[in-house]
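Please open the model in a viewer and keep the selection tool at hand. The tour moves from the whole chain to individual residues.

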Amino acid sequence: MSDIAVVGLACRFPGAADVGQYWRMILRAERQFDAIPPDRWRHETFHDPRDRRSPHTAYTDQGAFIDDVERFATAHYNIPPRRAIAMDPQHRLLIDLARESLQDAGWERRPFDRARTGVFVGLNQSTYQDLAATRLRAMLLADGSLHCGQEDEALLAAIQDAAQQALAPLQAFSLPGTLPNMAACAVSSVFDLGGPAFAVDSACSSSMVALHEAMHHLRAGTCTVALVGGVFLNLTPDGLVTLCRVGAVSANGVCRPFDERADGFVLGEGGAVAVLRPLADAVRDGDRIYAVIKGVGTSNDGASDGPVTPRVEGQLAAFRAAYRDAGVSANTVEFVEAHGTGTVVGDRVELEALRALRMEDPDHVAAECQVSSVKALIGHTMAAAGAAGLVKAVLALHNATIPPQPETTPDDAGMLTDARLAIAERALPWRSRPQHPRRAAVSSFGFGGTNVHAVLEEAPRRRTVRAARPVPVLLTADSLELLAEHVTAVREQVVADPGLTPASVAYTLATRTPLSARVAFVATSRSELIDLLGAAAAALRAGEVGDLGRGIHAAAAPLAESDRQVAFLYPGQGAQRVGMLSELYHGFRSFRGEIERLDDRVRASTGTSFASLVWGWESAPEIAETALTDTRRCQPALGALGIATTALLAEFGVRPDITVGHSVGEFPAAVGAGLLDPVDAIDFLVHRGEAIANGGSRAAGGMVAVQSSEERFDELTAGIEGMWPGCFNHPEQVVGSGSVGAVAMLTERCAQAGVPAVPLRVSHAFHSPLVAEADELVADRVAELPLRSGRVLVSTVSGRVCTDPDELRGWWQRSASSPVRFAAASQAAADAGARVFVQVFGGNGLLAMARRSIADTTGCHFVALEAEPDDGRAFLSGLVRLAVLGLPVDLLPLFGDGERDLATLPPSPLAAQPYSVRIASRHRSPRRRVRPVASPGDARPTIVDPPEDHPVNDLVDLLNEVLAVLRTLTKTEHANALSPARGTRHPSGTRCSRRSPRSACTRRSTCGASSRSAVISGSTRS
């Protein structure tokens, strides 16, 4: 016995596009039955409610269907359009559900054992294969093969013509595209899974037999992970008509399990996938566990009264096997998701089997048990029916809620009472019992008598921390339109589920691989989260991108790779502040650990601790601020802060391509560029601080920031002895550095001239000849610094890129007394390709200066990561803004072990287009070309169809479609792919339909579509 955890879910059923919608629909007990949609088939041809014995019609026009079954995101899965056309939509649906289930498990970005992940699928028919082969079947009628009759040439020609216009020809992918086993294998191929992959067919119990197989492999160790599920799509009238012949379908169009009014089921469709792994593995890795599968039992009815007639004994055998496997009593189960088809015989046999089971164990008094069947809402989904029931039971356990059935009048109330069974007509809280955990069971029985019963139990409790703190929320989709819908759907889920916190939503979204269109913000409370989601959705629906206000940022697509070059800006002396970066220091062990490592180095050399000043004196900030102004403490402190923040940003996936440091910030910038070791940098800054303190002690001086151009500064300082330009920050600001008297004179002269001037609180006249002695004192240490190759460093001593270590040493040997050329360095960074400028800490002062220094800021972005104490919101806001721009930001390090609380959220939506073997007029006009045909007495051109079956055509089609897929990988084509699928416009203004990939748009013809005959012969079709 080995327990198996359900760690991920995905589903798509009538009325429910995802797991959250499915559960809400179940709680509302909303039936999804409706008329057969006209895009499946013209049901009036096959509908005769008056004659229930007609062999070729159905007596009902009701069903339960899902939307857009032909749409598929080929570009996302790297599947060529030609292959997608031939691929059964059931296979495509399964691929989508596999992606969504892995995303729901939080594994989309997380490594897992792909080599031993199996795929087990319930699938038992392909109506798509029937559609693809319609032409061949019809030809068998027309040529007499089926009735040994005469060939009807006119009928054969008519069939050929109709098929030519309606159906894509068979091709190399047609066979593998419709084989049932290829559904599982396609999932393995797309997601690179190396475990066993196969389809199971036991009719209606197929997906539960697939579960049984998966359990065997997981327990045997041949798999460590299993994707289990089932799919069923009803694309032709065959299934409905033949089920009407059996009499299993409701003539009233309503499925009423266990109801005295029941007259059969309604045919439904859909699919579901669950991600399973051994419970011990899931607990070890901190997975969110929906529920635990304790045991599964299978059986067959053996000799019965007919192929679709169930037997109590056969079902009891499966029940007993399941509880033996689970090691628990059936009488401890409080919820059964029954097979419950709404057929009179089937429901009575199932209830009799359940009653017999619950009377077998005298040692355990049977707890009251609620019986339910989701077929009452979505109909019988055939091979997917067991998967639909499994997901429902899992969600019931996960939410501790007994789901209701629609209003039911029991067929045999006495039998229910005898077995202590009941049918809930409203959602009930599922209270825990001290005797045992909550337990549920799922039954699924197939035509032919293959029965499956599974026993489930609630997940072990997991302790999570729910601290109210700001969290970054990043939502993505394949287009702005889809993103607006996704944000709205997430908001609806948050509103509907009071248990969802901003932290759980943010963490769940952080586990996902980002798509092109993105929106992000920071939220602290549920009310703020709901409010910002609403504001973001409204702005996205209006097509707005960029800064949307209220801290919301959005983009239709990431920046081009060439525009994602990042420049880190490091501040110099003056940026220090007591309590700065306290959220990082107290919130991230790695940041604090790096600070403590470097602080220990400083303390060993100086006997003082900069960390205790920054974070240990919040109660007396004035004293600490004064102490931090001392350059001996300030320089190593600023260096350590820059080094530790850079290391932390690397954990989030943010690394610089270019670094720029203002004054002393050049040394952590060198570390950020990989040119200098952190310890070497700190040791040098300790020495440099001492040198400046000692070398400038006889004339400490001061500095003043003057808002003027360089030329105006020269005019203002004319005649002032002991004043020099210390920093060229931007074209309209120069910082003067000099003696105390010179600073006072310049400040007074600026006031008289109406030029803003602000004295700076510094310990020395940095970057002036007054501290030149410090350069002499550090020259030898600079010469010995072990520099190495790395990324691009722009030196603010020279104002240009510096790649030669010896040249860099030369600049550093006079850095204390030379002016800071930050304006020139900013322009040099932009010239080197930087388009995203990030101030690592110290506010946004450097960003403002860089923005004013760069001649052309078109396409540039300026991002700050720190502000005044704000609970770390500026850091988080900066991270998500970088993510929106397209940087590979990983937000997961923000969440500690106790905060990794996965929520069930709508999947990130993909841009999909329709792919089908049906090429009727609703997809595109029939392709024809004109060529003259010699005819006695008639020289008029005749419209003929091209030889579609020519093998060269297949090759040309394949090459054209591969080229089309490759084009989508370019930025331009990718942007086009994100536009609406119908009625999109080319740059030429020509409107063309993209409903069929076979009409891939080019500019070779007037209508914007090219035919393969045009490729081969150069001619075009009208």
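**The whole chain**

Begin with the entire protein chain, bearing in mind that this is a predicted model. Colouring by secondary structure will show 37 helices and 35 strands. Of the 1022 residues in the protein chain, 58% are buried. The accessible surface amounts to about 40500 Å², and carbon and sulfur atoms account for 52% of that surface.

**The nonpolar cores**

Next, select Leu475, Phe591, Ile595, Trp812 and Phe837, the residues with the most contacts inside the largest nonpolar core, which has 148 residues. Helix α25 supplies the largest share of this core, with nine residues. Now centre the view on Trp812 and display its surroundings. Beyond residues up to four places away in sequence, Trp812 touches Glu666, Phe667, Ala670, Leu676, Val782, Leu785, Leu787 and Leu793. A second, separate core comprises 52 residues, including Val209, Ala291, Val391 and Ala396. In soluble globular proteins, nonpolar side chains tend to be buried together.

**Aromatic pairs**

How many aromatic pairs does a search of the whole structure find? The search returns 17. Select Phe588 and Phe652 as one example: their ring centres are 5.8 Å apart and their planes lie at 90°, so the pair is edge-to-face. Phe588 sits in the loop between α21 (582-587) and α22 (589-606), while Phe652 sits in the loop between α25 (631-651) and β22 (658-661); the pair therefore ties together parts 64 residues apart in sequence. Phe588 and Phe652 are both buried.

Move on to Phe667 and Phe684, whose ring centres are 5.0 Å apart; with their planes at 50°, the pair is tilted. Phe667 belongs to helix α26 (residues 666-672) and Phe684 to helix α27 (residues 678-695), so selecting both helices displays a link between parts of the chain, the two residues being 17 residues apart. Phe667 and Phe684 are likewise both buried.

Two further selections involve rings. Phe72, Tyr77 and Phe191 are linked into a cluster by ring pairs. At Tyr59, look over the face of the ring, where Arg52 lies at 4.2 Å from the ring centre.

**A buried lysine**

Select Lys392, in helix α16 (residues 385-399). Is Lys392 buried or exposed? Its relative accessibility is 0%, so Lys392 counts as buried. Show polar contacts here: the side chains of Lys392 and Glu337 are joined by one of 3.0 Å. Apart from neighbours within four places in sequence, the residues in contact with Lys392 include Tyr22, Trp23, Ile26, Phe335, Pro403 and Gln405.

In helix α11 (residues 238-246), select the buried residues Gly239, Leu240, Val241, Leu243 and Cys244. Step then to Gly247, which follows α11 and has a positive phi, near 85°.

Thr747 counts as partly exposed because its relative accessibility is 23%. Leaving aside neighbours within four places in sequence, Thr747 is in contact with Val704 and Pro759. A distance label between the C-alpha atoms of Thr747 and Leu716, which are 31 residues apart along the chain, will read 9.6 Å.

Conventions: Residues are numbered from 1 along each chain as its sequence is written. This is a predicted model: local features need pLDDT of at least 70, side-chain atom pairs count only at pLDDT 80 or more; totals for chains, interfaces and linings use all residues. Side-chain values use heavy atoms; hydrogens and water are left out. Rings of Phe, Tyr and Trp (its six-membered ring) pair if their centres lie within 6.5 Å; planes under 30 degrees apart count as stacked, over 60 as edge-to-face and the rest as tilted. Helices (H or I, at least four residues) and strands (E, at least two) are DSSP runs, numbered from the N terminus. Buried means under 20% relative accessible area, exposed over 50%, partly exposed in between (1.4 Å probe, protein chains only). A charge sits over a ring if NZ of Lys or CZ of Arg is within 6 Å of the ring centre and within 35 degrees of the ring normal. A polar contact is a pair of N or O atoms within 3.5 Å; within protein, one must be able to donate a hydrogen and the other to accept it, and residues adjacent in sequence count only if both atoms are side-chain atoms. Contact means heavy atoms within 4.5 Å. A nonpolar core is a set of buried Ala, Val, Leu, Ile, Met, Phe, Trp, Tyr and Cys residues joined through side-chain atoms within 4.5 Å. Accessible areas come from the Shrake-Rupley method with a 1.4 Å probe; for residues, only the protein chains shown count as cover.
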